[in-house]
Amino acid sequence: MFTLRPARDTDRAALYRICLETGASGEDATHLYADPLILGHVYAGPYLTHAPQFAFVLEHQDSGDVMGYVLGAPDTAAFETTLEREWWPALRGVYPDPLDVPRADRTPDQRIAHLIHHPPRAPQDILDPYPAHLHIDLLPGAQGGGRGRALMTTLLDALRAAGVPGVHLGVGESNVRAQGFYRHLGFQEVRRAPGAVTFGLPL
Ligand code: ACO
């Protein structure tokens, strides 16, 4: 009852909605953000625009609704450079940098706005073995039936076919379910910082 297919530009609104509805350590983050698009601008939109050949979705066969996605970037360093030139400038004009608000007092929207103005670069010692990175999110109705694995297999095969030697991903420290999923698929923890765990997988 689900079809896995390459993402299309017309999936953009669905990707943004799924990103928001899974954006609180895998749970619905709709109530946390005043702007329903701000998370998608960081974690979904850039991939569909700048790495569309590594974006795949899960479509419900009856309703045609998109219920999940996996989004990858084969060369994280090059992707970050592209976004610095072509993606962030327009968003920086829309979302002000909350630099004058102390970090501890920032709202969830302001924390994401800060990321838009100061996107972190992946560290070189992670990029050397694992130059690609990915995001995967399924709505609750699509979870737990092997579809996360199917999406991952599709993306990892596409990365392998492109000659990529390894992939990494970042996951919230409190998202223990996703961490179990990644370990089960063979990813290994390569870094742990307050609030976040980085996993890596050789391809
Ligand atoms: N611990 C151990 N094994 C697990 C776990 C777990 N917590 N979760 C799943 N597995 C195993 C399954 O048993 C299954 O094993 P098998 O294939 O050997 O039988 C395998 O992993 C695949 O499980 P799926 O059913 O495909 O997993 P699912 O479809 O639920 O996808 C995912 C997992 C992506 C985490 C999904 O639940 C989801 O989208 N959750 C909400 C959003 C989220 O947390 N996304 C990750 C954010 S971090 C990032 O994007 C980098």
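Author: A polar contact is a pair of N or O atoms within 3.5 Å; within protein, one must be able to donate a hydrogen and the other to accept it, and residues adjacent in sequence count only if both atoms are side-chain atoms. The model is predicted, so local features need pLDDT of at least 70 and side-chain atom pairs pLDDT 80 or more, while totals for chains, interfaces and linings use all residues. Residues are numbered from 1 along each chain as its sequence is written, and side-chain values use heavy atoms, without hydrogens and water.

Reader: Which residues come nearest to the ligand, and which elements each supply at least two residues of the shell?

Author: Around the ligand there are 24 residues, of which Leu-138, Gly-146, Arg-149, Asn-175 and His-184 come nearest (a residue is near if one of its heavy atoms lies within 4 Å). The elements are β4 (132-138), α8 (147-161), β5 (166-172) and α9 (176-184), with α9 giving the largest share, six residues. Helices here are DSSP runs of H or I with at least four residues, strands runs of E with at least two, numbered from the N terminus.

Reader: Why is His-133 called buried?

Author: Its relative accessibility is 11%, and buried means under 20% relative accessible area, exposed over 50%, partly exposed in between (1.4 Å probe, protein chains only); therefore His-133 counts as buried. His-133 sits in strand β4, and its side chain makes a polar contact of 2.9 Å with the side chain of Thr-76. Apart from residues up to four places away in sequence, His-133 touches, among others, Tyr-47, Leu-71, Phe-79 and Val-167 (contact: heavy atoms within 4.5 Å).

Reader: How do you know that His-41 counts as buried?

Author: The relative accessibility of His-41 is 13%, so His-41 counts as buried. His-41 belongs to helix α2. Leaving out residues up to four places away in sequence, the residues that His-41 touches include Tyr-16, Trp-87, Trp-88 and Tyr-95.

Reader: Why is Gln-110 called partly exposed?

Author: Gln-110 has a relative accessible area of 25%, and is therefore partly exposed. Gln-110 is in helix α6, where the buried residues are Asp-109, Ile-112, Ala-113, His-114, Ile-116 and His-117. The cover over those buried residues includes α2 (38-43) and α5 (88-94). Beyond its neighbours within four places in sequence, Gln-110 is in contact with Pro-98, Val-101 and Asp-105.

Reader: What makes Ser-25 count as partly exposed?

Author: Its relative accessibility of 33% is why Ser-25 counts as partly exposed. Ser-25 is in the loop between α1 (12-21) and α2. Although not a glycine, Ser-25 has a positive phi of about 50°.
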